[in-house]
Amino acid sequence: MNKRMILGTIFLSMGMVAIAQTMKDVLGKYFLIGTAVSTANIDSKDPRVKQAIVDNFNAIVAENCMKGEAIHPEENRYYWDEADRIVKFAEDNHMTITGHCLIWHSQPPKWMFTDKEGSAVSREVLIDRMYHHITDVVTRYKGKIKGWDVINEAFEDDGSYRKTPYYNIIGPEYFELAFRFAHAADPDAELYYNDYSMAKPAKREAVCKLVHDLKAKGCRIDAVGMQSHNGTDYPDLADYERTIDALSACGVKVMMTELDLNMLPNPKRFGGAEVSQHFQYDKSFNPYVKGLTRQAQKMFNERYLAFFKIYKKHAEQISRVTLWGLSDGDSWLNGWPIPGRTNYSLLIDRQYKLKPIVKDIIKLFEQ
């Protein structure tokens with residue numbers, strides 16, 4: 001009997017089972033590998049849910065409960081409970097946590113931009129409100145959260161400024177102010193800009209210019225998040241790689257912050273990841289109610305492997321890869337931009353089991 005067989009016999013006699021390498025074991029040597037979670041995930045009584053989180057990932061981000069409308073529902077009232085629980089979950093399970101997000105035109109504190117009469121507030125008032133919101137949130141989690149998505153989705157795909165209330169009332173200076181406020185609240189926290197469709201050349205150039213401008217003004221910015229809400233035929237992989245290289249050349253790390261794969265067909269007017277998009281249900285846009293076809297599953301596998309080959313190639317430039325949701329059943333893509341669909345966008349299925357392609361992804365990083 002050889003040494004391997006002897007060890008195997010000993011393990012079996014002791015009631016021990018060898019545990020396969022997981023994503024966090026292997027990919028975690030290159031960059032943080034994470035998932036977005038909800039309080040429903042961390043509070044679940046189904047043991048498979050927690051196991052799926054802690055076995056496969058070394059980083060988490062709160063999917064919704066740190067956004068402005070959730071954590072700061074009234075000007076003088078914060079709702080900390082859900083965010084606190086997710087931070088504690090990360091601490092208890094020795095996971096890195098990212099804060100998402102401080103400034104976003106969608107899901108903001110509803111009171112942020114108007115006075116008691118419903119009129120737009122002045123520039124000075126909005127700056128003051130923004131300061132207190134950022135300062136209070138970041139200070140509460142000082143030393144607990146590794147870094148913050150300071151501003152989210154502030155450019156259009158053509159590279160122009162998105163005309164958000166922050167931009168319309170304050171002007172482009174709100175970028176600098178937000179980063180300065182966040183840094184003052186926790187000088188040790190990393191600070192990020194986050195956006196979708198980053199493979200589009202015009203948006204890439206705009207974000208690179210933002211990074212250069214912030215650095216020139218003495219602001220801290222550590223990384224840019226490429227959301228990576230990908231599809232079977234977008235983005236162009238060459239442009240995707242060019243964005244990684246361009247951002248890295250700006251002196252920041254790159255993060256894949258909201259990775260998923262939309263497997264469903266969409267209307268011609270659909271594009272990007274703007275959450276306000278909404279289309280009426282039609283069964284032609286929901287072809288996989290009973291599961292992916294063999295051809296669709298092959299595309300899913302090939303596409304995910306293609307992206308992770310890029311991540312392996314550019315690992316020195318990448319600090320984190322985070323999947324946007326834990327399982328297919330948790331994915332926002334089941335209800336957006338068309339409600340009531342069945343999507344298969346993540347690496348863990350509806351039974352909280354790893355999909356077979358994960359083994360190939362792990363093997364890629366073991367080479």
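## The largest pocket

Twenty residues line the largest pocket, and those nearest its centre are Thr22, Gln51, Asp55, Asn56 and Leu354. Two elements, α4 (47-56) and α13 (357-366), each give two or more residues to this lining. The largest share, five residues, is contributed by α4. The model described here is a predicted one.

The volume of the largest pocket is about 470 Å³. By class, its lining consists of 10 nonpolar, five polar and five charged residues.

## The second largest pocket

The second largest pocket holds about 320 Å³ of space. It is lined by 19 residues, with Ser197, Ala199, Lys200, Tyr234 and Pro235 the closest to its centre. Here the elements that supply two or more residues to the lining are β7 (229-231) and α11 (237-249). Nine nonpolar, seven polar and three charged residues make up this lining.

Strand β9 covers residues 318-323, and because five of its six residues are buried, the strand is largely enclosed by the rest of the structure. Buried here denotes a relative accessible area under 20%.

Strand β1 (residues 32-37) runs parallel to β9 and is joined to it by four bridges. Strand β8 (residues 253-262) is likewise parallel to β9, again with four bridges. Leu323 of β9 takes part in both pairings: Thr35 stands opposite Leu323, and Leu323 is also the bridge partner of Leu259.

## The β-α-β unit

Strand β8, helix α12 (residues 294-313) and strand β9 together form a β-α-β unit, which is right-handed.

Key: Residues are numbered from 1 along each chain as its sequence is written. This is a predicted model: local features need pLDDT of at least 70, side-chain atom pairs count only at pLDDT 80 or more; totals for chains, interfaces and linings use all residues. Side-chain values use heavy atoms; hydrogens and water are left out. Buried means under 20% relative accessible area, exposed over 50%, partly exposed in between (1.4 Å probe, protein chains only). Two strands pair if DSSP finds at least two bridges between them. A crossover is right-handed if, with the strands pointing away from the viewer, the path from the first strand over the helix to the second runs clockwise. On a 1 Å grid over the protein atoms alone, a cavity is a set of points where a 1.4 Å probe fits but cannot get out, and a pocket is an open set with protein on both sides within 12 Å along at least five of seven lines; lining residues have an atom within 4 Å of a point. Grid points are joined across faces, edges and corners, and a volume is the space filled by probe spheres set on the points. Ala, Val, Leu, Ile, Met, Phe, Trp, Tyr, Cys and Pro count as nonpolar, Asp, Glu, Lys and Arg as charged, and the others, Gly among them, as polar.
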